[in-house]
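Here is a report on one structure, written for a first look. Keep the sequence and the 3D view side by side while reading.

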Amino acid sequence: MTPILQLKGITKRFPGVLANDHIDLDLHKGEILALLGENGAGKTTLMNILYGLYQPDEGEILIGGEKVIINSPTDAINAGIGMVHQHFMLIPVFTVTENVMLGEETVKYGDFLDRKKAAKRIMDISKKYNLQVAPNDYIRDLPVGVQQRVEIIKLLYRDAEILIFDEPTAVLTPQEADELFSIMRSLSDQGNSIIFITHKLREVLDIADRIMVIRRGAVVGGTTPDQADKNSLAAMMVGREVNLEVEKTEKEAGDLVFSVKGLVVADKFQNIVVNNVSLNVHAGEIVGIAGVQGNGQTELVEAITGLRKSAEGEITLLSQDITKASPRQITELGSAHVPEDRQADGLVLPFPVAENLVLCTYYKEPFSKGVILQYKTILDHAEKLIEDFDIRTPSAMTPVSSLSGGNQQKVIIARELSRPIDFLVASQPTRGLDVGSIEYIHKRIVQKRDEGCAVLLVSPELDEIMELSDRIVVMYRGQIIADLPNKDVTKEQVGLMMAGVLPEEALAEGDQHAVEPAL
Amino acid sequence: MSTSTQAIKHERIYEVSPTRKLVMGIIEIIIGAFIFIVFVRTVSGAAKTTFVMTPGGINIGQAGDWILPTQLTLIILAALALIIGVVQLIRGFGHATNAFVGLCGLFLIFSFITWQAADRSLNLAGMLTSAVLLAVPITLGAFSGLLSERAGVINIAIEGLMLMASMVGALIGSLTQNAWIGLLGGILASVLLAGIHAVLSIKYRINQVISGTVINIFAAGMTAFLSQKFLQTNQALNSPPLFPRIPIPGLAHIPVIGPIFFNTNIFVYIMFILLIIIQVALFSTRWGLRLRSVGEHPKAADTLGIKVIPTRYMAVLLSGVVAGIGGSFFTLGSVGRFEEGITAGKGFIGLAAMIFGNWTPIGSLGAGFLFGFADAIGSKLSLLGSNIPAQFMGMTPYLITMIVLAGFIGKGQAPAADGEPYEKE
């Protein structure tokens, strides 16, 4: 049978980079094809070509055996291709109906919107595929999982038969992700074909019919879930054997290093986003804050590190009150911060690696004498850290902006962990990194904990929390709803709590299910 | 997974915003207290204020005079402001907060004229008529800004567009001795300048505020130069015909309302027609949905096949059309000749009205009326021989605007992509 979609020899060059190198891809009707690869492997470029956002330099696209030229998203939509973007393309102040119909409006008397008729069509689609939405709700009032359903309906409304999902689970709770998978399954059962882009191995094994792995712009292999496992997929992705297990020994927690009592923090719109949060971190302990992004973790970390004023509550580090302390005072007490957004908050991008490595210490001996920076010392220091932390950079004077994401993160890790510290706040330390760098950074964090440092880890990646933490704290809508030792909970139970299910219920719920071991 | 109870339901996180609620309530209470302390206590209980309810020079839709007991009226107004303030403090008015602050501002202004006219007579209808006329350029400026900003382009050049339109309108009107052709000329001039703003800010992605400012400076200089060189030296070039007052059959005979709204300048009618057209077009048509989507999330619009750049051009040019009408009003609907700086900042005040009105047509109109009313007081009070500089009362709406704009306004009302150039990847 002719595949519904064929890509033949797609090649795309950007200045200095070969983003796609003669990629061939076949997609059959009713199939879920997972496109697996690290960040920067070229998955998104390939899909943007398919969706008309980029033009390929070479190669052709065939739909149902016919050659097509896709110059714009409109062409793609007309060819039956639809895409659920990683960052939703929804307008918060519009209703579901308005968002779905936009660009393909149902009109009456010339140009007047026929919202009723469009809403009816949305309800029909929603029934057919079991995608529950209320057409008159405003997007801004909907949880993320529902917003994603609206995105899917948008495609079905346009009669798309080839659906591309770009990292669809990045913003979902594990339960929402499971719901999404069952929706994807029902879509494919009804004859739609799906391309599923991801770098999460578990998801690929769960849902895909077929797996295609891309590395450095080229297809490195294809397989099926029953012939593969996590380790073999990771090896294909990275190009070498990867150790996915974090080696960690049991350890008794030491003295209290850091504590927060009754903390209340507001965002810039004066909404309370951290609501009466209390937590303790002891020496030699990793406390993991689990929670879907946007539940107040960002603001909590900013308050802890002195970057945001707190409205109420007390923050104590090494028995000193740091509630009103400046970031520098907090740093000098022996605290380190790996920020969530490394490019915005962690690095000065145009500065060379060497200068970025002394951002918290440049003003002190031996890096400066009086007001004069001591470049020789700074460079020697940089050379040493580049070696110790395996930072891949052409030289210590290379601007940090030209490094890969993983190496940028290593610069931050090197800067923060090479100082004598008692407390580490690591916010999404492996966001967007490849498997190899993740492995390395995890090892470093555990090493710091073994040396007796207190670690507060914030991550929306449940796997990361489960692997690293000694104690797990679940944050939901600004509040801490659970604070439990890692060994007392399963991944599924934490997932339920991340979705807002009360701990008592989540723990009871989890017991009824076969408990899935942590990755 | 079975359905489970959520630890915290899908309510929104509790909104603090106590500052805004508090400040607005306090302002309203201060207004009430001010009326009571300054006005009520300084008039005698027997004083009467007479409001003439027929504007001068009108012979249809006449109405009898209103004679109000001054002190009682003031007490009622003060009490209303206090009640609004207390309710605001306790419960809050949510989305209607701005409207209620505006209402209290109106009470303050009305108390002031009632107090000033104690034992005297004031032509309130005449004042309202001129208020409506003064509101025209402000409201049209607000509509102009609305069209452009709803599509994501900040148009601070409205002042310049109006100035240019008023001069070109006067010039063409004088040359052809036809007000309609003059209006058309004014619109064209404004659209041309708007086109420059569009090219600079959409195509070349220059900072939109800077592009608008440059156009304002250009228009001020250019009109001053041309006016000195030609219009002032040759009066034949600066005597356009005025649009006449047009009574609407039937409606013009309604007392009070008739003379103010239905026996007036064609620009007032255009303003109301535009209100309806813009309201319907923006919120009920495919055209409006697409225009707004481009102002909210241009990338999303683009992925759905909506042409972002042409939509923005169209919106800015339409903004130019409306600003052109507003500018022509000065020379063809009101003054009858062009003078330097004739627009006197009305374009900027129009933008303030648009923001005060939360980027909605009806809100813009309301704010335009409030500002127009304050302007009207200035001229009327000097006629009354008041001992208080009328400018103080004339300031009220702007004070209110500043309070509203100074961070208290409900954020997130502006189009999300307002002021952000769009670049295709």
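In helix 4 of chain B, a kink of about 35 degrees lies at B:Val136, shortly before the proline B:Pro137. The bend at a residue is the angle between axes fitted to the seven residues ending there and the seven starting there. Helices (DSSP runs of H or I, at least four residues) and strands (runs of E, at least two) are numbered from the N terminus.

This is a predicted model: local features need pLDDT of at least 70, side-chain atom pairs count only at pLDDT 80 or more, and totals for chains, interfaces and linings use all residues. Residues are numbered from 1 along each chain as its sequence is written, while chains are lettered from A and ligands numbered from 1 in the order in which they are written.

## The kinked helix

Helix 4 of chain B covers residues 124-150. At 1.5 Å a residue, its 27 residues should span 39 Å, and the end C-alpha atoms are 36 Å apart, which agrees. The expected span is 1.5 Å times one less than the number of residues. Is this helix mostly covered or exposed? It is mostly covered: 27 of its 27 residues are buried. A residue is buried if 20 or more other C-beta atoms lie within 10 Å of its own, exposed if 12 or fewer, and partly exposed in between, with C-beta atoms placed from the backbone. After the helix comes B:Gly152, with a positive phi near 95 degrees.

## The two chains

Chain A has 18 helices and 24 strands. Its radius of gyration is 25 Å, close to the 24 Å that the globule rule gives for 519 residues, so chain A is as compact as a globular protein of that length. The radius is taken over C-alpha atoms, and the rule is 2.2 Å times the number of residues to the power 0.38. Along its principal axes, the C-alpha trace of chain A spans about 70 × 50 × 50 Å. Of its 519 residues, 47% count as buried.

Chain B has 15 helices and five strands. Of its 425 residues, 50% are buried.

Contacts come next. Two residues are in contact if their C-beta atoms, placed from the backbone, lie within 7 Å. Take the contacts with a separation of 6 or more. In chain A, residues 24 or more positions apart account for 67% of them. In chain B, that share is 78%.

## Domains

Domain bounds come from an automatic or database domain assignment. Chain A is given domain 1 (5-238), domain 2 (248-334 + 422-435 + 449-519) and domain 3 (346-419). The C-alpha centres of domains 1 and 2 of chain A are 33 Å apart. Ten residues from domain 1 and eleven residues from domain 2 make the contact. On the domain 1 side, helix 6 (174-189) and helix 8 (230-238) of chain A each give two or more residues. Helix 8 has the largest share, three residues. By class, that side has five nonpolar, three polar and two charged residues. Ala, Val, Leu, Ile, Met, Phe, Trp, Tyr, Cys and Pro count as nonpolar, Asp, Glu, Lys and Arg as charged, and the others, Gly among them, as polar.

Chain B is given domain 1 (18-122) and domain 2 (124-379). Their C-alpha centres are 31 Å apart. The contact takes 18 residues from domain 1 of chain B and 20 residues from domain 2 of chain B. Which helix gives the most to the domain 1 side? Helix 3 (residues 97-116) of chain B does, with six residues. The residues on that side are eleven nonpolar, seven polar and no charged.

## Backbone details in loops

A:Arg216 lies in the loop between strand 11 (210-215) and strand 12 (218-223) of chain A. B:Gln177 lies in the loop between helix 5 (158-176) and helix 6 (179-203) of chain B.

A cis peptide bond joins A:Glu365 and A:Pro366, with omega about 0 degrees. A:Pro366 sits in the loop between helix 12 (353-356) and strand 19 (368-369) of chain A.

A:Asp57 lies in the loop between helix 1 (43-50) and strand 4 (58-63) of chain A. A:Asp57 and A:Ile10 are 47 residues apart in sequence and 7.5 Å apart in space, C-alpha to C-alpha.
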